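Please keep the sequence and the structure in view while reading.

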Amino acid sequence: MPLHEPSPYEVLGIPLTAGVREINLAVGPAMRAGRHSRQQIQEAAALLRNPDRRLELDVQQQLPPDPVEGVAELLAPALAEPLLVVEPPGPPSAEQFLVLHRAELAADFADPAPAGADPEPPVPERFAVDLSVLPPIEIPE
């Protein structure tokens with residue numbers, strides 16, 4: 001199984017400069033070769049016959065990079081110093097984790113009290129309301 005999907009030019013076995021006549025003539029040999037399905041060959045030929053879609057495909061084609069003169073001189077400053085390897089931080093310490101005990105969860109989510117008892121269960125101390133969480137309130141007189 002190929003790692004990439006072949007381009008229409010590869011499917012038909014034609015160069016990038018092929019005209020409509022060469023595309024039509026390449027369909028028969030491509031079918032006889034049997035490397036690609038009939039549907040792939042027909043789709044490739046239809047795409048290459050359509051000038052707009054062919055231009056879009058040609059623009060998206062990746063061109064090989066141009067050779068760069070003097071690569072060693074360009075990279076010399078970066079290669080002069082060895083790379084600094086930073087050790088990743090270890091796992092967090094146990095103190096950094098929030099610990100919930102089963103008894104606290106049971107108290108937080110206990111069933112409501114039976115009728116006649118206090119209608120609201122007591123709020124655990126850690127969730128008690130204080131002025132740090134309330135916005136300032138103006139009480140009308």
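The lining of the largest pocket consists of Glu-5, Pro-6, Ser-7, Pro-8, Val-11, Gln-40, Glu-43, Ala-44 and Leu-47. A pocket here is an open set of points, on a 1 Å grid over the protein atoms alone, where a 1.4 Å probe fits and protein lies on both sides within 12 Å along at least five of seven lines, and a lining residue has an atom within 4 Å of a point.

This is a predicted model, in which local features need pLDDT of at least 70 and side-chain atom pairs count only at pLDDT 80 or more, while totals for chains, interfaces and linings use all residues. Residues are numbered from 1 along each chain as its sequence is written, and side-chain values use heavy atoms, with hydrogens and water left out.

The space in the largest pocket comes to about 170 Å³, a volume being the space filled by probe spheres set on grid points that are joined across faces, edges and corners. Both α1 (8–12) and α3 (38–49) supply at least two residues of its lining, and the largest share, four residues, comes from α3. By type, the lining residues are five nonpolar, two polar and two charged, where Ala, Val, Leu, Ile, Met, Phe, Trp, Tyr, Cys and Pro count as nonpolar, Asp, Glu, Lys and Arg as charged, and the others, Gly among them, as polar.

Over the whole protein, the secondary structure comes to six helices and zero strands, helices being DSSP runs of H or I with at least four residues and strands runs of E with at least two, numbered from the N terminus. Of the 141 residues, 13% are buried, that is, under 20% relative accessible area with a 1.4 Å probe and protein chains only.

Ile-41 has its place in helix α3 and is buried, with a relative accessible area of 0%. Leaving aside residues up to four places away in sequence, Ile-41 touches Val-11, Leu-12, Val-27, Ala-30, Met-31 and His-36, a contact meaning heavy atoms within 4.5 Å.

Conventions
Buried means under 20% relative accessible area, exposed over 50%, partly exposed in between (1.4 Å probe, protein chains only).
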